[in-house]
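Please look over the chain shown here before reading the report.

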Amino acid sequence: MANRTRRAAAVGLPTIRRRIILSFAIVAMLFSVLAFRIGYIQVVATDQYASRAAENQIKDEVIPARRGGILDRNMKELAVSSESYTIYLRLKPYSGDKTDPEERKKQIDAAVVLLSDTLGVDKAKIESDMRTDSSRIRVARDVDKNRMNVLATAIEEQGLNVIEVEEKSSRGYPLGAFAAHVLGSVNNDGHGQAGIEQSYDSYLSGQSGRNIINADARGNPIYAGSGTVYDKKDGLNVVTTLDETIQYHVEDAIKKGYDDTKPKRVEAIVMQPETGDVLAMAKYPEYDPNEPYTPIGSSKIKKFDKLTAEEQSAYLSEMWRNPMVSDLYEPGSVFKLITVSAALEEGAVTPGTGVVCNGAYQVNDRTIHCHVYPASHGWQTVEEAVGNSCNPGLIQIMQKMGYDKYSKYLDLFGVTQQTGIDLPAEAYSLTQSQADISGAVGLATMSFGMGFNITPIESITAINSIVNGGEYIRPRIVKALADDDGNIVKEFEPTIVRQVISKQTAEEVKHMMEFVTSEGGGYALSIPGYRIGTKTGTSQKIVDGTYSNDHVVCSMVAAAPMEDPKFIVLVVVDDPEGGGFGSTIAAPIVREITEELLRYLNIRPTLEDGQAAEDQAAKTAVPNVKGMTTAEAKEALKAAGLKYSLQSVSSLQNFKVAEQYPKSGEYIEPGGFVYLYDR
């Protein structure tokens, strides 16, 4: 028995030893692997693991820069950024915070009451949000500075350290929809998405700062950790060329015009001739950039809410769109000023050159009517043809010049390229080359502003080249950048691009514009004591591939005072209800704007009362023919020694006169035309 025991012990001893040796070998091998791994981490992969540690231990917070403001030319605020605050309640302590848990609970309870009372947040909601594993919860956002000041005072008085505050910059437009299509708006990330906000975003945005701090594994700041702060650089203020007062009067006038004529939209631009500064630019209907994703008006909101996401996106793009820069139209008869300027500069005609109007003009197989057809203007000078807005007369002027020369002036007047205005999404014009133009007929229609498309900003900039004495000046919407103290940091000077026509030619055409006011379709702008130049335009819109008599664009351009022009105005009324003409639809809007500008800019009358009386004595008083039939009106005008022109939207020859221009009691040249309208 003893022998068996000794044999078993002898057998078991080596087994135990082997196990110990094996275990030691395994442990040694593991230690070797671990040592190798530590060595690899410390020597080979040092940068990689240091980077990972930094990501977990370093918290990089952005300090948002304040967006610069947008100001009018007199430094009045049009868009501003104000500080707003987001309030958080910390539920879990920072690493290293030795505050007693009971004391922390008391602080949190007191904070809930304070936040509810100060910010108007429901206490039950705060307590409900506290049931979370997060280290803190957001209690309120977009808290204004006044409420923040009250809250900060209470936090200090109560010694609370569980309420945290983050500051951010909020964009606001104090005047609401004012100049919305020029200013634009910002998106949810605070970047410009239209207008000046977009085109000058890099200047307005500034540069955000950074607050780099040490943090624990959960991202909470460590009290003992060191940090680095990189200061923010606030954006610059953009000083525009807009004049707040002029913009106000323009917006008021186009809104009235919209209510009166019920068009698709009304647009207006006011420009300073010598600099190209845009003093006002407005479109109605409008939108509020404070709420850029919501249309104005309950009916529009209901319609918008029913749209698909794709349809809503298209709706918003159209709502934000600035049609004066981004949309095309056929300018109509206002473009006759460009045609006659080119012909005069080339010596093809003089202001006294004769052209003949027989009521219609044959070009190849096409008969082109004058607007007075079946009446006619007969023999007339070039100046009278422009004053009468006579299409046959302008065709003859064009034919005397030819396309090659005309094409050169289309380029010089800037209607074949963008103006370069500092606003986003400027459209390219659609003009025909000599190869594409539809022969003599296409050339003829171009002479009176049909058959090609330009933007309103191109139109007013081209005509401004006449008004300012012959120079093409690039339009601008921003004149300078300024800091918060009002110091000018950068100026943008006016840009004279080229000389288009001579001063002599410009003066001759300016005189024709005055003739349009006194004797032609611009009579609505006859303001006693002032020399005002005008030109009206009416162009048919294309509907289903053909020009429509019922859908038109009515426009008018005016400048004053013509001896030293201080402003030029363009109004475009798109598709007024029932149609109409530039002289009846756009003219009343232009007159209201012009009268306000003459007062605001303190432009004194230059024509003496005696001179006005003398001029009046040599003219004929216009009788009142409103309410008469066309037959009765013809007889009354004939008895007064005046001619008539029927202006029927439906091309009627017999109707009751709803409106007349010039109006009853005004004075015109003997034998002049009185225009009779059926609406």
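The report below describes a predicted model.

## Overall make-up

The chain contains 22 helices and 26 strands. Of its 679 residues, 47% are buried.

Among contacts with a separation of 6 or more, 72% are between residues 24 or more positions apart.

## Cysteines

How many disulfides does the chain have? The count is 0. A disulfide needs two cysteine sulfur atoms within 2.5 Å. For Cys 370, the closest cysteine sulfur belongs to Cys 390 and lies 4.0 Å away, so the distance is too far for a bond. For Cys 390, the closest cysteine sulfur is that of Cys 357, at 3.6 Å, which is also too far for a bond.

Are Cys 370 and Cys 390 buried or exposed? Cys 370 has a relative accessibility of 4% and counts as buried. Cys 390 is buried as well, with a relative accessibility of 0%.

## A nonpolar surface patch

Val 27, Phe 31, Leu 34 and Ile 38 make up a nonpolar patch on the surface. Together these residues have about 370 Å² of accessible area.

Ile 38 is located in helix H1, which covers residues 2-44.

Strand E3 spans residues 77-90. Because 10 of its 14 residues are buried, E3 is largely enclosed by the rest of the structure.

Which strands pair with E3? Strand E2 (residues 70-71) pairs with E3 in the antiparallel sense over 2 bridges. In this pairing, Leu 71 stands opposite Glu 77 of E3. E2 and E3 form a hairpin with 5 residues between the two strands. Met 75, in the turn of that hairpin, has a positive phi of about 70°.

Strand E5 (residues 163-172) is also antiparallel to E3, and the two pair over 10 bridges. Here Leu 89 has Ile 163 in E5 as its bridge partner. Strand E4 (residues 136-143) pairs with E3 over 5 bridges, again in the antiparallel sense. The bridge partner of Tyr 88 in E4 is Arg 138.

Conventions: Residues are numbered from 1 along each chain as its sequence is written. This is a predicted model: local features need pLDDT of at least 70, side-chain atom pairs count only at pLDDT 80 or more; totals for chains, interfaces and linings use all residues. Side-chain values use heavy atoms; hydrogens and water are left out. Buried means under 20% relative accessible area, exposed over 50%, partly exposed in between (1.4 Å probe, protein chains only). Helices (H or I, at least four residues) and strands (E, at least two) are DSSP runs, numbered from the N terminus. Contact means heavy atoms within 4.5 Å. Patches are made of residues with over 30% relative accessible area and no salt bridge: like charges are joined within 9 Å, nonpolar side chains (Val, Leu, Ile, Met, Phe, Trp, Tyr) within 5 Å. Accessible areas come from the Shrake-Rupley method with a 1.4 Å probe; for residues, only the protein chains shown count as cover. A salt bridge is a side-chain nitrogen of Lys or Arg within 4 Å of a carboxyl oxygen of Asp or Glu. Two strands pair if DSSP finds at least two bridges between them.
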